Amino acid sequence: MTGTHDGGPMTGLPSGKAVVAGVAGWPVGHSRSPRLHGHWLQRYGIDGLYAPFPIAPENFETAVRGLAAAGLAGLNVTVPHKAAACALCDRLDDTARRLAAANTLVFGPDGAIEGRNTDAYGFAEALKAAAPEAAAGRGPAVVLGAGGAARAVVLALQSLGYSPVRIANRTAAHAEAAASALGPGVETVPWEERAAALAGAALLVNATSLGMTGRPALDLPLADLPPEATACDIVYAPLETPLLAAARRRGCRAVDGLGMLLHQGRPGFRAWFGVDPAVDDDLRRAVAGDLLAA
Ligand code: ATR
């Protein structure tokens, strides 16, 4: 086949020159990143491919180096590989270094692997888009959870100006470790006192997996959460978690977790495919139409 029949942007099909990227996880079947990047590739008529790569932890480094050697532009990295990804990089951005976790790898032409962490950026951008006043970062914030996602959220809140940021986590030692890694302005609150910690808060973020389909709901009485506060969830399945529904009933603004997922993908797409992609309602429908309908 020749000319416009060999694939590429003219046909909407990838050609032999297609730029290839993907997502590495274990498992990876639940990832919505192929839909996200696939939608953008189509929308911008880019000669590219974005594929899921299920990679077991013991094969992670070999597989990543192999994919880099095979000419991929880079990878997104999801559970459980973010720390391992960080460890094998030749260069790291500040966020990846601070979080000791990389979710975006860029393979350079010189063979160097650059690691970035775009989760904090994704959360901050999603908040700016959904609740611009909340992104002004005035007042105390409460974050539930102390895992990788929670740490990224805390970093985002610090950069937006929230102070103090109170972390409440089931395992106190994990909250302490996160607070000491993330520095001044971060306080810990005993898990049993999480409801009282909402007094005077301007922002609440659930950064645990509670409230996700198939998991227990987050047990958090909101009586002390000011009605002017904004409540965010990083869980996006369902989009309207029990926490967000309860916050709305109090008159609070509620921000679902889908925006963080969509925005965290932008820097990788830009680095691999050369276009800064837009996040809009079409994209929300393409990535999470089933959840929107639910
Ligand atoms: P991620 O890196 O995606 O944030 P994670 O490290 O497994 O994932 O973190 C999950 C978070 O949800 C943790 O803060 C965890 O609390 P622990 O540090 O005590 O494990 C929290 N979490 C999970 N199940 C929970 C439950 N049933 N009750 C309270 N917190 C829970």
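**Group meeting: a look at the fold and its core**

Okay, contacts to start: counting pairs at least 6 apart in sequence, 66% of the protein chain's contacts (heavy atoms within 4.5 Å) join residues at least 24 apart.

Quick caveats. This is a predicted model, where local features need pLDDT of at least 70, side-chain atom pairs count only at pLDDT 80 or more, and totals for chains, interfaces and linings use all residues. Numbering runs from 1 along each chain as its sequence is written, and side-chain values use heavy atoms, with hydrogens and water left out.

Secondary structure: we've got eleven helices and twelve strands, taken as DSSP runs (H or I, at least four residues, for helices; E, at least two, for strands) and numbered from the N terminus. The C-alpha atoms fill a box of roughly 65 × 40 × 35 Å along the principal axes. Of the 294 residues, 50% count as buried, meaning under 20% relative accessible area with a 1.4 Å probe, protein chains only.

Now, the core. A nonpolar core here is a set of buried Ala, Val, Leu, Ile, Met, Phe, Trp, Tyr and Cys residues joined through side-chain atoms within 4.5 Å. The largest one has 35 residues, and Phe123, Leu127, Val143, Leu157, Leu203 and Val205 touch the most other members. Elements that each supply at least two residues include helix 5 (119-130), strand 7 (141-144) and helix 6 (148-160). Which helix gives this core its largest share? That's helix 6, with eight residues.

Last stop, Leu203: leaving out residues up to four places away in sequence, Leu203 touches, among others, Leu127, Leu157, Tyr162 and Cys232.
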